[in-house]
Amino acid sequence: MRRGKPARGGPDKKRRHGPRLPTTMRRELDAMGSGPARGSDDEEVSDAGAEDVYEYEEGVPEEEAGKNGRYDAVAKYEYEFDSDASEADEDVPSEEGEDMEDDGEDEEKQIRILQETTGMPREAFDGKKRKQPSELPLPHGDGPITIHDLLDNIQGKPGYSKVRKRLQQQEKKTMVIAAPLPKVERDKLDRNMTYEQSKGEFTKWERPVKGNREAATLFFENDVNLGVNTIAAIASEFKPRTKLEKTIDELTRSTEIMEAHKNDGAKILELNKIDVEDVRERQNRLAKMRSLLFRHEMKAKRVKKIKSRTYHRMLKKDKLKAASADFEADPEAAKDYAMKQEFKRAEERMTLKHKNTSKWAKRILKRGLSVQDEGTRAAIAAQLQQNALLTRKMNSMKDDSSSEESSDDDEDENDSEAKILNRGKEKILKVIEEDKEIPNSGVFSLPFMERAMKKQKEAAYEEARRALEEYDNSLRKLEESDNTERNDSINVTGKRAFGPAKNTPEDANKRQKLEETENSDSEYDSDPAEHLGNNEATTKDGIPLGRALLDDEQNDLYKSFDDIMKNPGPKTTFEVGMLAGDSWKTVKSSKGNDDNNVNRITNKSKLQTPIVDPNPKQRDNDPDSDSEEEMVEGFMTISDTKENYELPSQADLIRQAFAGDDVEAEFEKGKMEVLNEENPEPEKPALVPGWGQWTDIQQKKGLPSWMIKEHEIAKRNREEALKRRKDSKLKHVIISEHVDKKVEKYLARNLPFPYTSKDVYEQSIRMPIGPDFNPAISVSALNRPAIVKKPGVVIKPIQYEEVDHHQKPDEPKRVIQRVTPHPNAKKKQSKGATSHKRK
Amino acid sequence: MAPARVDAQKDAENELEMKVAKYSRGKGADLKALRDKKLKGQLAVKEKLFGQSAKAAAKAEQWLMPCEEGFLEPDDLEKTYRFPQESIMKEVDLLSSRKPFDMILPVLGPYTIEYTSNGRYMLVGGRKGHLAMMDMLNMDLIKEFQVRETVRDVAFLHNEQLYAVAQKKYPYIYNRHGTEIHCLKEHGKVLKLQFLTKQFLLASINSFGQLHYQDVSTGEMIANYRTGLGRTDVMRVNSYNAVIGLGHAGGKVTMWKPTSVKPLVTMLCHHGPVTAVAFDRGGHLMATAGVDRKIKIWDLRKYEVVKSYTARAQSLDFSQKGLLACSNGSQVEIYRDFGGHDYRLYMKHRMMKGYQVGKVLFRPYEDILGIGHSMGLSSILVPGSGEPNFDTFVDNPMETTKQKREKEVHALLDKLPPDTIMLNPNLIATVRAPKKKEKKTKKENEEEMEEAIEAAKNTARKKKTKGRSKPSKRAKKKEEDVFRAKRPFLEQSEGDGRPDKKQRVGEEVELPKALQRFAKKPQS
C-alpha cells in the first residue's frame with residue numbers, strides 16, 4: 001500500500017536505508033516482547049509516526065539504527081527535539097501508533113480532495129504541510145494559507161506596511177496577463193538592447209584609440225618593473241621540496257640552532273658596546289694616517305713630476321748615503337744590498353744593457369756623438385760609466401788581487417790609465433832584460449838561427465823602445481789632460497760630464513779617452529800583453545787623428561743656425577726670405593699708429609724698382625719648356641703685354657678676330673657627338689639579304705613598310721629625347737644626361753609608403769633634422785621614434801581610463817603602464833592618457 | 001612717438017618673418033589636398049616642429065648675429081671707386097688699419113696665396129720655391145722655407161696643420177713646421193690644386209690636362225680623369241656643391257665630379273682661352289674671364305649669362321658677401337652687386353706700375369683682399385667683403401688648439417663620401433627618376449608568365465573528328481601549349497645566373513655554436 005503512494009519522499013529514504021520489516025510483522029514482534037530499551041525505542045518511533053507523516057519518515061531509519069545497535073545519541077536528541085516542536089504545533093494529534101496508516105490514508109484523501117477543488121498540484125499541499133511546522137506557526141487550522149497568513153508573521157518588521165499596501169492594491173485590481181510577444185519581436189528588442197549597451201561601451205574607446213593613432217610618439221616607458229625581484233625576495237619565497245632540502249630546513253629551523261644564533265647575536269651586540277672615547281680616538285688616528293698617506297702621495301707625485309736631472313741625481317745620492325749609513329749600522333741590510341748589487345752586476349753582464357747595445361745608443365752612435373745635444377751626450381756618458389762601474393765591480397768580486405781598482409767607486413779613469421801605462425812600461429822593460437839570456441843548445445845553437453834570433457831581438461828591442469817612448473808620450477799627455485780636466489771638473493762635481501757648450505778640442509780629447517778607457521776596461525782581464533798591444537795601437541793613431549777630425553767637424557757642424565743666416569756662403573741666391581730680406585721687419589716696424597704708413601710702404605716699394613723682362617714673349621703654353629726662369633718670365637710677360645700695350649701683328653689680330661667662329665663650330669660639333677653618344681641615331685634601313693635579293697623584286701618594291709615605319713618611330717623618339725634634354729635650348733651648354741649609378745644609392749627607389757605624391761614627399765624632407773640645424777627644443781621631437789619603449793617592457797593591452805577632455809592636446813602622449821590593474825582605474829592621471837598597444 | 005614705435009615694431013616683425021622664411025627652407029606641402037588622414041596628421045605635426053625651429057633660428061640670428069657688413073658710402077657725385085686705400089685707412093678703426101700691408105719680395109718671383117677656411121692663416125708660395133705660412137691674426141710668421149724648385153700652387157688641407165704644394169714635378173704635402181709629409185707622385189706635374197673640405201679630397205690638374213682626386217684622409221686615389229681639353233691652370237671648386245670648374249683653352253668651362261668620367265656640364269663661355277673662373281658662395285653664380293677681353297657672370301641654374309663686361313682679368317674671386325675681385329695687370333678692380341645681379345665697379349686699386357698681379361683672394365671673415373703679385377704680397381681693405389658674423393661651428397678664426405682638434409675629429413666623422421658630389425646636392429634622398437628601360441623584376445616576370453599560361457589554357461579548340469579531339473589528346477595538346485607559353489619566361493629567369501637562394505643560405509650561413517645542433521644534418 002505504502003509503496004503504491006506516489007511522490008512521497010519516504011519510500012525513497014526507506015529504500016536507501018536498506019530492507020526493513022513490514023509494519024504487521026513488526027507489530028507481531030512487539031507483541032512477542034523485546035528488551036525494555038528496545039520497547040521504548042519502538043514506542044518513540046511509533047509516537048513520531050503518529051505525529052506527522054514527514055516526521056515518521058524520518059523516524060524509520062532511527063528505529064533501524066537502534067536495531068542494528070548503531071543508534072546515534074545526538075541524532076536521537078535532534079529527533080526528539082523536533083518531535084516536541086511538532087507535537088506542540090500539530091493540529092491533528094494522533095495518540096496511537098496503530099492509527100498511523102489510517103491517518104496516512106486520510107491524509108491522502110484530504111490531499112486528493114484539495115487537489116480537485118483548487119486545481120493546484122499536490123506538492124503544494126505537501127510542501128505546505130512540511131514547511132508549516134518549522135517556519136510558520138500558523139494560528140488557525142484548516143484551509144489554504146493565504147498571503148495574509150504569511151504577512152501576519154512579519155507584522156511589525158520594517159517594510160511591512162509597504163508590502164501590505166501593495167497587496168491591497170493588487171487585490172483591488174483585476175489581473176490580466178498579456179499574451180507574450182512573438183519570438184521575432186522579442187529577439188529584435190533583445191538585439192536593440194544589446195546594441196545600445198555595446199554602443200556606449202565601444203564609443204568610449206573611440207577617443208583614446210584615435211588619439212593614439214594620431215600621436216607622433218607612444219611611450220611605454222613608465223613600467224620598468226620587470227618582475228625580477230631581489231635575491232632576498234626570491235629567497236623568502238623558497239619552500240623546501242626535496243628530501244634534502246627539507247632536512248636542511250628542519251635543521252636550520254630547529255629551536256636549538258635558532259636559540260643559539262639568538263644568543264650569539266646577543267653576545268655580539270654586547271661586544272659591540274664600545275666606549276665613545278675609544279671610537280673618537282680611533283677615528284682621529286685613522287684620519288691622521290689618512291692625511292699622512294695623502295701628503296706622502298702628493299709629495300711623491302710632485303717629486304715624480306720633477307724633470308731636472310740634477311735633482312734626481314742628488315736625490316739618488318742622498319738615498320745611497322742614507323743606505324750606506326744603514327749598512328754600517330745593520331750588517332743584515334748590508335748583506336742584502338751586496339746581494340742585490342751582485343744580482344745587478346750579473347744582469348748587466350748578461351744583458352750588456354749599458355754598453356751601447358741598446359737601439360737608442362746604437363742610433364746615437366751611428367749619427368755621431370758630436371751631433372747630439374748636451375743632454376744626450378751626458379746620458380750616453382753616464383750609461384757607459386754605469387757599465388764600467390758594474391763590470392769593474394764584478395771583477396773585483398771575482399779576484400780580490402786587484403785591490404787597487406776595487407778600492408774606489410769614483411776612481412778616475414785617467415788614473416787607472418796611467419797605472420796601466422806604467423805597468424806596461426815595466427813589463428816591457430822586464431822583457432827586454434829577460435831577452436838577454438839566450439838558449440845555447442838544440443836548434444837555437446845553429447849559426448843561422450842565432451843570426452836570425454839576433455836580428456829578431458834587435459827588432460823587438462827597437463819596438464819596445466818605441467813603445468816605451470809612446471808610453472811616455474801618452475803619460476805626459478794624460479797628465480796634461482788631467483790638469484785641464486780638473487779645471488773643468490771643479491764645477492761638474494767630480495764626475496765626467498760632457499757639455500756641448502764647451503766644445504773645445506779638449507773636450508774632444510776627453511771623449512776620445514773615454515772610448516779608450518772603455519776598451520781597456522772591457523778587456524782588462526784578458527791577456528795583459530794583448531791588451532798592451534791594443535792600447536798601443538789606439539794611442540798611436542787615435543788621439544791626433546781624432547783631434548784633427550773633430551776640429552774639422554766643429555768648423556762645419558757646430559756652426560749655429562744664426563751663423564748660416566749671417567754667412568750665407570756661396571748659396572746666397574736662395575737666401576731671400578721675409579726675415580732675411582729685412583723687409584718684413586721694416587714693414588712690422590712701420591706699423592705704428594701713424595696713419596700714413598701705407599704711404600711709406602708705397603714709397604719704399606717705389607724705391608725698389610721691379611725687374612721687368614725687357615723682351616715680352618707669348619704666353620708660355622708649352623708644357624715642356626718649364627724651367628723656372630722661363631715660367632716666371634712667362635707669367636710676368638702676359639700681363640706685361642697688357643700693361644705696356646704693344647701693337648700685335650696682323651696675323652695675331654686676324655687670329656683673335658676670327659677665334660670665336662672656330663670655337664663655336666667646334667663646340668657644336670662636340671655637342672652633336674655627345675648627343676649621339678647618349679641618344680644614338682637609329683640605323684638607316686637597308687636591303688635585307690635573303691629571299692628575292694637576287695631578283696629585282698625587292699628593289700622594285702623598295703624597303704618593306706614596317707622597316708620604314710620602325711625607322712621613323714626611332715627617329716621621332718630620338719628627337720623627342722633630344723628635346724627633353726635640359727640643354728636642348730641652350731646652344732652653348734652640354735649637360736650630361738648620363739645616369740650615375742653611384743648616386744643612385746642616395747636616391748629613393750620609389751615613393752615611401754604613406755606618400756602618394758612626389759612633391760609632398762620632397763617637401764617633407766626639405767628641412768634638416770640634425771642637431772646642427774635645429775634648436776635643442778625641437779631636435780628631440782623631430783627625431784623621436786614612433787614608439788618609445790625600454791627593452792624588456794611588456795606592452796599591456798589597452799585599458800580604459802577616463803580622459804579629461806579639456807587637457808592640452810599638444811602634449812606628447814605618455815602612456816602609463818601598470819603592473820597590476822589598478823582598482824580605481826578611473827582616477828585621473830597626470831598625463832591623462834590610456835595605455836594600450838598602437839593599432 | 002607712438003606711430004614711430006609701431007613702425008619700428010612692424011619692421012622688426014617683417015624682418016623676423018623674412019628670416020623665418022629663410023630658415024624654413026621653402027614652403028611645406030599643401031596639407032588640405034592630402035587625402036590620407038594619418039599622413040596629414042603626421043605632416044602637420046612635423047610642419048609645426050619645422051616652424052618652431054625656423055623661428056628659433058631666426059631669433060637666434062637676430063640676437064646673436066647683429067653685425068652687418070659695411071660698405072663704402074659715397075656722398076653725391078662721389079664715386080666709391082675713386083677712394084684710394086689711404087683715405088679708407090684714415091676712416092677705419094685701429095685694428096682694421098693694421099691689417100693691410102705690402103710685402104716686397106722681389107727675387108723669388110710671382111707669389112700665389114691661400115687662406116684657411118677660417119681666414120686665420122695665409123700660405124704664400126713664391127714661384128721660385130719660397131714657401132711661408134703666416135698667422136694673420138697677430139701677423140706672425142709661423143714657418144718659412146725654400147723648396148728650391150718651382151712652386152706653382154699652394155693649397156691648405158682641412159686646417160693649417162697640413163698644406164699641399166704643387167712643385168716642379170709632383171705635389172707635396174707639408175705640415176705646419178715645413179716637414180715634408182708626402183709626395184703625391186701619381187698626380188704628376190700639377191699646375192693647380194684645390195681642396196674639397198667636406199669630402200677631404202685633394203683635386204689637382206696636371207700639365208697633361210688630367211684631373212686627379214685623392215682622399216687625403218685615407219690616401220686613396222679616388223679618381224683620375226683625362227679632360228681631353230689640353231693643358232690648363234684654371235681650376236676652381238664650387239663650394240656649394242663641391243663640383244670643380246675647369247677653364248680651357250677652347251673657351252670652354254667644364255664641371256667635374258669624382259664619379260663621372262665625362263664632365264657634368266660643358267659650357268662655351270668665351271671665344272678665346274679662359275683665364276679665370278670663380279664661383280659665388282651660394283653656388284648659383286659663376287664668373288669667367290677670357291682672353292677675348294670679356295668677364296662674364298653666369299647663372300648656373302639656367303646656364304645663361306647674367307652680365308658681361310669688356311675687361312681683362314687674370315684672376316677672379318668672389319668674396320663671402322658677393323663682391324667680385326678681378327685683377328688686370330697691376331690693377332685690381334672690385335665689383336659689387338647692386339641688386340639683381342647688377343655688378344658695378346665698387347673699388348679700384350692700383351699696384352706699383354710694373355707689378356703683375358698673379359692672384360687675388362678675399363680673406364674669409366675679414367674685409368681684406370689678399371693680392372699675390374710678381375714683387376711680393378699685398379693686402380688691401382675692401383669694406384663689406386667678409387662675413388661679419390662667424391659661426392664657430394663652421395669656422396672659427398679665434399680657434400683654440402682644443403677646438404681645432406675637436407673640429408678635426410668632427411670633420412673626419414662627418415666626411416662625405418665622394419659620390420655625394422653632384423650638381424644639385426638637394427637631390428639626395430629624393431625619388432629617383434624612372435629609368436628608361438628597366439629589367440623586369442622576378443615578380444613581374446612571374447605574373448606575366450601566369451597570364452600567358454592562363455591564356456594558353458583558355459584557348460578554345462576546334463572540334464576535330466577521327467579521334468583527334470579525344471579527351472586524352474586534348475589534354476596532351478593543352479599541356480604542350482602551356483609548356484610552350486612558359487618556356488620564354490623560364491629561360492629569362494634562368495638567365496640570372498644566380499643559384500637558388502635557399503641553397504646559398506644553407507651553404508654560407510654558419511650558425512653559432514649553440515645553435516648548430518639544431519641545424520639540419522646533411523644526409524649521408
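Guide: Patches are made of residues with over 30% relative accessible area and no salt bridge, with like charges joined within 9 Å and nonpolar side chains (Val, Leu, Ile, Met, Phe, Trp, Tyr) within 5 Å. A salt bridge is a side-chain nitrogen of Lys or Arg within 4 Å of a carboxyl oxygen of Asp or Glu. Lys and Arg count as positive, Asp and Glu as negative, while His and the chain ends are not counted. This is a predicted model, in which local features need pLDDT of at least 70 and side-chain atom pairs count only at pLDDT 80 or more, whereas totals for chains, interfaces and linings use all residues. Residues are numbered from 1 along each chain as its sequence is written, chains are lettered from A and ligands numbered from 1 in the order in which they are written, and side-chain values use heavy atoms, without hydrogens and water.

Visitor: Which residues gather in a patch of positive charge on the surface?

Guide: That patch consists of B:K462, B:K464, B:K466, B:R468, B:K470, B:K473, B:K476 and B:K477. B:K476 lies in helix 7 (residues 471-494) of chain B; helices (H or I, at least four residues) and strands (E, at least two) are DSSP runs, numbered from the N terminus.

Visitor: Why is B:K476 called exposed?

Guide: Exposed means over 50% relative accessible area, buried under 20%, and partly exposed in between (1.4 Å probe, protein chains only). B:K476 has 59% relative accessibility and therefore counts as exposed.

Visitor: Which residues form the patch of negative charge?

Guide: B:E444, B:E446, B:E447, B:E450, B:E451 and B:E454 gather there on the surface. B:E444 belongs to helix 6 (residues 442-457) of chain B.

Visitor: What makes B:E444 partly exposed?

Guide: Its relative accessibility is 39%, so B:E444 counts as partly exposed.

Visitor: How do you know whether B:E366 is buried or exposed?

Guide: The relative accessible area of B:E366 is 17%, and therefore this residue is buried. B:E366 sits in the loop between strand 26 (357-363) and strand 27 (368-373) of chain B. Neighbours within four places in sequence aside, B:E366 is in contact (heavy atoms within 4.5 Å) with B:K99, B:S385 and B:G386.

Visitor: Why is A:N679 called buried?

Guide: A:N679 has 13% relative accessibility and so counts as buried. Its place is the loop between helix 29 (659-678) and helix 30 (697-701) of chain A. Leaving aside neighbours within four places in sequence, A:N679 is in contact with A:R718, A:A721, A:L722 and A:R725.

Visitor: What share of chain B do buried residues make up?

Guide: Of the 524 residues in chain B, 48% are buried.

Technical notes: Accessible areas come from the Shrake-Rupley method with a 1.4 Å probe; for residues, only the protein chains shown count as cover. The place of a charge is taken as NZ of Lys, CZ of Arg, CG of Asp or CD of Glu. Contact means heavy atoms within 4.5 Å.
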